[in-house]
Amino acid sequence: MEYVSPEGLRLDGRRPMEMRQIRGEIGVVDKADGSAVFEMGNTKVIAAVYGPREVPNRSQQMNDRALVRCEYTMANFSTGDRMRKPKGDRRSTEISLVIRQTMEACIMTHLMPRTQIDIFVQVLQADGGKSRCLIAAIGTRSACINAATLALSDAGIPMRDLVTSCSAGYLNSTPLLDLNYVEDSAGGADVTLGIMPKLDKVTLLQMDAKLPLDIFENVMQLAIEGCKAVATYIRQVLLENTKQLEYRRGT
Amino acid sequence: MEEKPSGSPASFIDKPVIPGDVVLDLSDMTNQTIKLGGGLRQDFDSIVAMKAGTLRFTKPNKYWVETSQKRYVPCVGDSVLGIVADSRADNFLVDIKGPTLAYLPVLAFEGGTRRNIPKFEVGTLLYVRVVKANPGMNPELSCTDASGKAAEYGVLKDGYNFDCSTGLSRMLLRSPRCPVLEELGKKISFEIAVGLNGRVWVNAGSPSLIIVVSNAIMNSESLTGVQQRIMVDKLIQNLKLSS
Amino acid sequence: MVGLSIGEKHFIQGGIAQDIRSDGRKRLTPRPINVKTGVISQANGSARVRMGATDVIASVKAELGRPTALQPDKGKVFINVDCSPTAAPMFEGRGGEELSAELSVALRHCLLGGKSGSGAGIELSSLVVVEGKICWDLYIDGLVVSSDGNLLDALGAAIKAALSNTGIPRVNVAAGASGDEQPEVDVSDEEFLQFDTSKVPVIVTLTKVGKHYIVDATSEEESQMSSAVSISVNRQGHICGLTKRGGAGLDPSIILDMVSVAKTVSEQLINTLDSQIAAAEAGEDES
């Protein structure tokens, strides 16, 4: 199948280096300490952060740093096919783990010993047409991480840097930025990357399928560019938010 | 990403920053001592923000990031409003919206001795001062000022308390007084206690006055000074009409 | 979390007794309601309803299925509610299941009517395509995103809004199938039938605090409640369902009083909701 037309356009009309529309908003859940919505194309994710708070389960308490936990849930209606078994399946446990490890890398956990930080990520909508839920879940990783970054920052949790994430792939001998569902399920290589943009460090890197090394370099470079673009956007959202508070206070 | 390798601190002061922003470069600031407040950390030769907020500077050398959050990070010297959650032999456990419950020693009252230990029910609202705040330990509170006097600390009876962001409570405590309190104070007599932990207590002659005052305060967070004055004017008018 | 202070509790209770609540409302004034339709693009219909800090999403998905042997002339409707952990850390893992189940059951009581399917707020017979062979199964999913009390009313409103946003594809049945054969169907991609929601009731929950009852309680007020009665009322003023929640017992005469109050409150609610839905639909068409 042709994923890039001779004119250089993808199935959804984007250029190979173009991202889907992204949108982020802070403070959507009133009761949470920090919360955010993040949309990438059709994928829409809510993240809520509770904490740092006391560890309810004393046996998990750590005396030298904070315990970071993450739970990923997909709404029943988030995929094309109605899901029958939403909670606690292996796929969501795996994604929870990926998000947790990625976010833990940027949270300064040693500043908040004996506390717990909960990150809850709720997928409202996954890009995936009329599809199986499994692949759709994988495609939401980047959006989840971006939402979690915004929510953590809203909660005022000390962080080394932001973490932003984006994916890139390789189809029809073209590196493609920010794969949508159709491209994701085409079976080509898919690199999901999370970086800390200011420190220039990679915190998440996952790839399936095989790629020659030199092409991998290109694809990864593209993903890094994507992450940086997301970072610029997230930066803007956060700055805007601070500015608004400033302005209102009339200082 | 726009990199700003400028070392001059003036460029970032009173500007919004986000986690990861390098706000100061120490390498060209030798022979200077600076003090770092909340939200900043040192990473070799650079000072990096770790919270989203506004960078502030006071003379001679203090830097910090001003933020507005729902949760409170205990800090020595802050006056806060706490709710008694439990009592032990030596301490009351008090919720101050921080990451952990705070300890209020039963002797930390003016003239406190073993014989006159105050009795607080669970749910009592207290105006207290943070005296110890070490990471990894529960913060410690006191119901006296630094000289051991009760000052204005102690139990707050009746009235109504609500939670707000830490930014709002800082705004309420700022001098010159913030417009909403000034305008309300001209027309209505009420008592108010503001905790830096984002908790506010209001008491007035009648419940409807308390509600007017507390809702005016809660709404003022999203308004500018002028808008605050207009809002209060409208509220007062409505009150006069209805009474 | 640590609960309310004593002063706050007294204030809420005393205020309600004096017909004034901590956000300035009277006992029977609901919070402003905000409706957005078509929020989930993959669903046949969806809506997001916000009342104060309570935020819920409802989606409707239609699938072709077979009617049950007992009711060959009726379609099927399934209602399921989930509480997202984003709303409260309590709902983490399996923690939200109990509340989810309670809300789902209450919604079924209030919207679906008896076992025979009669008296249901949702017209089940309109869902049949070929009697005894094909019908539409409606899967209604609710999700609590943020919770500040009165979840049931918000979910009820969201479901009503989602149903009015629902387009069910027109189905052409190939003629000629006879007997036990399953007829072939052709589901249209372009033609959609609007769902008739005029009979879908709204839910009004009256929460009893002290001697009085209030509508649209916030979570602080709910923490002081003794019991609550949820009543679903349709446009004609008929009671479609009723559930009592909460521990304390209620005097039967009070229940009757509550029902009549709910009826008057529901009239306003239906009107505001209808105008909100109409506005939301119009806004969606424009964009």
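Predicted model: local features only at pLDDT ≥ 70, side-chain atom pairs only at ≥ 80, totals over all residues.
Gly195(B) stands opposite Arg199(B) in strand E16 of chain B. Residues are numbered from 1 along each chain as its sequence is written, while chains are lettered from A and ligands numbered from 1 in the order in which they are written.

- E15(B) and E16(B) (residues 199-204) pair in the antiparallel sense over six bridges; strands pair if DSSP finds at least two bridges between them.
- Helices (H or I, at least four residues) and strands (E, at least two) are DSSP runs, numbered from the N terminus.
- Three strands, in the order E14-E16-E15, form an open antiparallel sheet.
- E14 (160-163) and E15 (190-195) of chain B stand at the edges with a single partner strand each, so one side of each is left without a neighbour in the sheet.
- From one strand to the next, the twist averages 15°.
- Helix H1 (residues 166-173) of chain B lies across E15 and E16 of chain B and runs at about 125° to E15(B). Axes are lines fitted to C-alpha atoms, for helices over the stretch in contact, and angles run from 0 to 180 degrees between N-to-C directions.

**Sheet E2-E5-E4 of chain B**

- An open sheet with antiparallel pairing is formed by three strands in the order E2-E5-E4.
- Its edges are E2 (22-25) and E4 (40-43) of chain B; each has a single partner strand, so one side of each is left without a neighbour in the sheet.
- Neighbouring strands of this sheet are turned by 25° against each other on average, direction ignored.
- E2(B) pairs with E5(B) (residues 46-49) in the antiparallel sense over three bridges, and Asp25(B) stands opposite Ser46(B) in E5(B).

**Helix H4 of chain B**

- Gln228(B), Val232(B) and Leu235(B) are buried in H4(B), that is, 20 or more other C-beta atoms lie within 10 Å of their own; exposed means 12 or fewer, partly exposed in between, with C-beta atoms placed from the backbone.
- Exposed residues on the other side of H4(B) include Val226(B), Asp233(B) and Lys240(B).
- What covers the buried residues of H4(B) includes helices H2 (179-187) and H3 (207-220) of chain B.

**Interface of chains B and C**

- In chain C, 15 residues are in contact with 17 residues of chain B; contact requires C-beta atoms, placed from the backbone, within 7 Å.

Note on methods
Contact = placed C-beta atoms within 7 Å.
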